[in-house]
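Please work through the following exercises with the sequence and the structure at hand.

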Amino acid sequence: MGSKRSVPPRHHSLSYDEIMFAALFAVLVVVCTGLMVVSWLAIKESESDSVLETSHEARGTFKITSGATYNPNLQDKLSEDFKILAFDLQQMIDEIFQSSNLKSEYKNSKVLQFENGSVIVIFELFFAQWVSNENVKEELIQGIEANKSSQLVTFHIDLNSIDITASSENFPTVSSATTSDKLTTSRPLTTPGNDSVECLPGSMPCADALNCIAVDLFCDGELNCPDGSDEDNKTCATACDGRFLLTESSGSFQAAYYPKLSTSSVVCRWIIRVNNGLSIKLSFDSFNTYYTDVLNIYEGVGSNKILRASLCETNPGTIRIFSNQVTATFLIESDENDYIGFNATYTAFNSSELNNYEKINCNFEDGFCFWVQDLNDDNEWERVQGSTYPPFTGPDVDHTFGNASGFYISTPTGPGGRKERVGLLSLPLDPTVEPVCLSF
Ligand SMILES: [Ca+2]
Ligand SMILES: [Ca+2]
Ligand SMILES: [Ca+2]
């Protein structure tokens, strides 16, 4: 992707009409450039605006009694067997919920794991707002009974095996994508004495033992306890590397080895805060995580933070966040000793110093450069290498190297997949008087 300029012939003196024409032309160029920076894959027939800030996740499981047989390859998330079965089941779940009473809340689903026993499927469901487990379960059972998916011709699901658990059910009032993260700290938060305040379920006392705040407000980058103890560096130090608040203009954080799982899962959380007006660039020296371990990168802190990247398995290259504050959470659920985690470095940079060429030019070899995923559409662009999966849904090579080693970006693909709007945004471009072409 690159920009070219064509220089119009110069005039020594300009009439009033010529100046007006030039001004009008400049306005048109700015408007056209603004429209061109958004690339649409397709226009979805029906509108479905999702609100990211108030998302809800539920976890579910069911048993397939016929239509799929278990084999050990299903343990490998990268295997063709896993991908094919997961794709079909996600499509089935999508079709069921898209024709259910929860269709306006439902966003998408993701198969996490298969287990032996006919085939037991463990999956996640994403909703735009909070919905009860009972409601989700009921709609899923009704959808299966009413054959709401063409996949149900193949798969037979044991209705009694269906179970839905919301990982955020204890804290439904806190709406953020991390409500499922069970915060684990390396030290006890307080050592309350006998006069310690009694906190309601889902909340914990501040160090003053006088005030209670919601569990999710601890270590979220915003001060909530009057004594500030909810953001104390010692309280929030992660089990991954013993760090929490990173305020230098550059630094690192890591989970080089997984910490021992004291419970079924561990969350490490870091807050990066650099000078106002600056942005934050994250790079990964190593990234080797098991698929159940997810590193989430958020723009901002507290309950208004925006999920910008959800990373597992593959090294994402460089990620740029256009905010002076970043929250990173690493949820570890695997118990695999032979996997190493990641090592991330960050540096502050000034995005206002970029020119238009730098803002839009990208070969995607090292991430998305300065392009930003549109979060108000149906899906996200993916940075891929070699052929897309399934075969014949995209190119085999990129423009940079012309072979399978080069990265390019692609919209999510799948056989028979529904049409989706997938947008990509540039940073605001500086208006230009001269015409500008965008090529890609
Ligand atoms: Ca807080
Ligand atoms: Ca490339
Ligand atoms: Ca998007």
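The exercises below concern a predicted model, and each is followed by a worked solution.

**Exercise 1. Confidence**

Determine where in the protein the confidence is lowest and where it is highest.

Solution. Step 1: begin with the overall value. The mean pLDDT of the protein is 82, and 79% of its residues reach 70 or more.

Step 1: turn to the strands. Confidence is lowest in strand S1 (residues 2-5), with a mean of 46, and highest in strand S14 (residues 318-321), at 97.

Step 2: Over residues 37-53 pLDDT stays under 50, and the model has 41 contacts beyond four places in sequence for them. Over residues 168-194 pLDDT also stays under 50, with 55 such contacts in the model. Where pLDDT is low, the predicted coordinates should not be read in detail.

**Exercise 2. An open sheet**

State the order of the five strands in the open sheet, and explain why one side of S8 and of S13 is left without a neighbour.

Solution. Step 1: the order is S8-S10-S15-S12-S13, and the pairing is mixed.

Step 1: strand S8 (245-246) and strand S13 (306-311) stand at the edges with a single partner strand each, so one side of each has no neighbour in the sheet.

Step 2: examine one pair. Strand S12 (residues 294-299) pairs with S13 in the antiparallel sense over five bridges. Leu295 has Leu311 in S13 as its bridge partner.

Step 3: Leu246 is in strand S8. With a relative accessibility of 8%, Leu246 counts as buried, because buried means under 20%. Beyond four places in sequence, Leu246 touches Ser252, Phe253, Trp270, Ile271, Ile272, Arg273 and Tyr346. Leu246 and Tyr346 are 100 residues apart along the chain, yet their C-alpha atoms are separated by 9.6 Å.

**Exercise 3. The calcium ion (ligand 1)**

Identify the residues that coordinate the calcium ion (ligand 1), and describe the geometry of the site.

Solution. Step 1: the coordinating atoms come from Leu217 (O), Asp220 (OD), Glu222 (O), Asn224 (OD1), Asp230 (OD) and Glu231 (OE), at 2.2 to 2.4 Å.

Step 1: the angles among the six donor atoms are 78 to 172°, and the site is octahedral.

Step 2: along the chain the donors follow the spacing L-x2-D-x1-E-x1-N-x5-D-E. Asp220 and Glu231 both lie in the loop between strand S7 (212-214) and helix H4 (233-236), so the pair ties together parts that are eleven residues apart in sequence.

Step 3: Asp220 is buried, with a relative accessible area of 3%, and Glu231 also counts as buried, at 12%.

**Exercise 4. Two further calcium ions**

Step 1: Asp374 is buried, with a relative accessible area of 10%, whereas Asn379, at 25%, is partly exposed.

Methods:
Residues are numbered from 1 along each chain as its sequence is written. Chains are lettered from A and ligands numbered from 1 in the order in which they are written. This is a predicted model: local features need pLDDT of at least 70, side-chain atom pairs count only at pLDDT 80 or more; totals for chains, interfaces and linings use all residues. Side-chain values use heavy atoms; hydrogens and water are left out. Two strands pair if DSSP finds at least two bridges between them. Helices (H or I, at least four residues) and strands (E, at least two) are DSSP runs, numbered from the N terminus. Donors are N, O and S atoms within 2.8 Å of the metal (3.2 Å for Na, K and Ca); water is not among the atoms, so sites may look incomplete. Four donors count as tetrahedral if all angles lie between 85 and 135 degrees; four count as square planar and six as octahedral if opposite donors are over 155 degrees apart and all others between 65 and 115; anything else is irregular. Buried means under 20% relative accessible area, exposed over 50%, partly exposed in between (1.4 Å probe, protein chains only). Contact means heavy atoms within 4.5 Å. pLDDT is the predictor's confidence in each residue, from 0 to 100.
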